[in-house]
Amino acid sequence: QVRYSVPEEAEAGTVVGRLAQDLGLEAGEAEARRLRLVARGRRASVEVSGASGALVVSSRLDREELCGKSAPCALRLEVLLDRPLRVFHVEVEVTDINDNAPRFPAAYKNISFSENSPPGSRFPLEGASDADIGSNAQLSYSLSASEYFTLEIEKADGRDVIPDLVLTRALDRESLSEHRLVLTASDGGRPALTGTVQLVISVLDANDNAPQFNQSVYKVQLPEDAAEGTLVARVAATDPDEGINSKVTYSATNFIPLSGKDLISVHPQTGEIRLTGPLDFEEVSVFDFRIEARDKGTPPLSGHCKVLLEVLDVNDNAPEVWVTSLSVPVAEDAALGTVVALLSVSDRD
Ligand SMILES: [Ca+2]
Ligand SMILES: [Ca+2]
Ligand SMILES: [Ca+2]
Ligand SMILES: [Ca+2]
């Protein structure tokens with residue numbers, strides 16, 4: 001039995017082996033005795049060159065197509081010689097060249113990390129595959145530069161390696177909601193070939209921001225005769241989170257004096273504070289209360305502001321007059337300056 005080896009993808013005409021010589025034939029004998037391959041159903045991609053008796057490549061030899069991942073990849077040929085008839089077995093090993101780059105299942109990979117994932121959290125990535133064999137298919141991985149992520153390789157059954165994406169520091173969706181990284185796989189060929197996949201990492205929101213009012217204190221003045229329904233103030237809080245984590249509702253609390261509770265209310269959605277009853281400067285001249293803005297996260301977070309409503313006096317009380325003492329009748333010749341009556345006057349305003 002004769003054995004040869006030839007690299008895959010060798011050009012047509014490449015000599016695989018000097019078959020006639022290796023079979024011990026004399027010059028010219030190969031042609032005279034019709035040294036030839038036994039035709040099998042499918043073309044062998046090699047043939048015997050008539051004149052020289054050499055085995056040469058006749059058409060494309062693709063190791064991946066012939067043998068896939070199995071190694072070694074051998075063509076088993078039968079060679080015939082006439083007069084007398086003889087059969088020889090020839091084995092041609094097709095060796096691998098690094099003609100396939102590593103390939104990832106897709107060009108993009110979408111990954112989600114919660115904003116509050118602790119550093120050290122990992123996400124297993126799908127590795128690339130390489131149609132070659134041996135070191136031409138031995139893959140190593142690298143990740144584009146990132147402040148937040150690194151790659152850790154886990155050895156699985158000592159042969160394939162599976163890269164894990166590992167978080168190295170806390171994420172913040174409010175400052176960066178999407179990270180784009182490139183994962184590169186390189187094979188062990190010389191030169192190495194590479195394949196890439198783009199990792200699109202979405203940062204999912206966590207409720208890590210409390211609503212915040214754009215003013216910590218709102219000072220308002222209203223005349224005491226302001227009608228019911230009068231707008232006292234419009235407060236607004238913002239929350240940089242997303243969705244319900246940023247959805248804010250308002251409520252009024254901590255009234256000083258407590259009676260303010262019945263006179264003032266805030267719309268839970270708009271933050272409009274309105275009068276719901278009559279003011280009376282003579283009773284209360286300053287209402288002090290707080291507005292709470294609470295988001296709908298789990299758990300919810302809240303922020304507060306203070307509102308000072310000053311009630312302004314209006315002249316709504318007539319002076320009251322009392323006669324304290326009265327001297328009647330008064331003599332017609334009473335001297336100027338004589339006290340006629342002593343009056344008390346008071347005005348609640
Ligand atoms: Ca190959
Ligand atoms: Ca390869
Ligand atoms: Ca929030
Ligand atoms: Ca957030």
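This is a predicted model: local features need pLDDT of at least 70, side-chain atom pairs count only at pLDDT 80 or more; totals for chains, interfaces and linings use all residues.
Reader: How many bridges join strand E13 to E14?
Author: Strands of a sheet pair through backbone hydrogen bonds, either parallel or antiparallel. Two strands are taken to pair if DSSP finds at least two bridges between them. For the antiparallel strands E13 and E14, the number of bridges is 9.

Reader: Which strands are the edge strands of the open sheet?
Author: The sheet has 4 strands in the order E8-E14-E13-E10, with mixed pairing. An edge strand here pairs on one side only, and this holds for E8 and strand E10 (140-143).

Reader: Which protein residues are the donors of the calcium ion (ligand 2)?
Author: Donors are N, O and S atoms within 2.8 Å of the metal (3.2 Å for Na, K and Ca), and since water is not among the atoms, sites may look incomplete. Along the chain, the donors of this ion follow the spacing N-x1-N-x29-D-x1-D-x3-N-x50-D. Lying 2.2 to 2.6 Å from the ion, the donor residues are Asn98, Asn100, Asp130, Asp132, Asn136 and Asp187.

Reader: How many residues apart in sequence are the parts that Glu115 and Asp205 tie together?
Author: Glu115 and Asp205 are among the residues that coordinate the calcium ion (ligand 4), whose donors lie at 2.3 to 3.1 Å. Glu115 lies in the loop between strand E8 (108-114) and strand E9 (122-124), and Asp205 in the loop between strand E14 (194-204) and strand E15 (212-213), so the pair ties together parts whose separation in residues is 90.

Reader: Is Cys73, which a disulfide joins to Cys67, buried or exposed?
Author: A disulfide is a pair of cysteine sulfur atoms within 2.5 Å, and Cys67 and Cys73 are joined with S to S at 1.9 Å. Buried means under 20% relative accessible area, exposed over 50% and partly exposed in between (1.4 Å probe, protein chains only). Cys67, at 18% relative accessibility, counts as buried. With a relative accessible area of 2%, Cys73 is also buried.

Reader: What is the pair of rings of Phe113 and Phe123: stacked, edge-to-face or tilted?
Author: Rings of Phe, Tyr and Trp (its six-membered ring) pair if their centres lie within 6.5 Å, and planes under 30 degrees apart count as stacked, over 60 as edge-to-face and the rest as tilted. By this rule the count comes to 5 aromatic pairs. The rings of Phe113 and Phe123 have their centres 6.4 Å apart and their planes at 50 degrees, so the pair is tilted.

Reader: Which residue has its charged end over the ring of Tyr148?
Author: A charge sits over a ring if NZ of Lys or CZ of Arg is within 6 Å of the ring centre and within 35 degrees of the ring normal. Over the ring of Tyr148, 4.6 Å from its centre, sits the charged end of Arg169.

Methods: Residues are numbered from 1 along each chain as its sequence is written. Chains are lettered from A and ligands numbered from 1 in the order in which they are written. Side-chain values use heavy atoms; hydrogens and water are left out. Helices (H or I, at least four residues) and strands (E, at least two) are DSSP runs, numbered from the N terminus.
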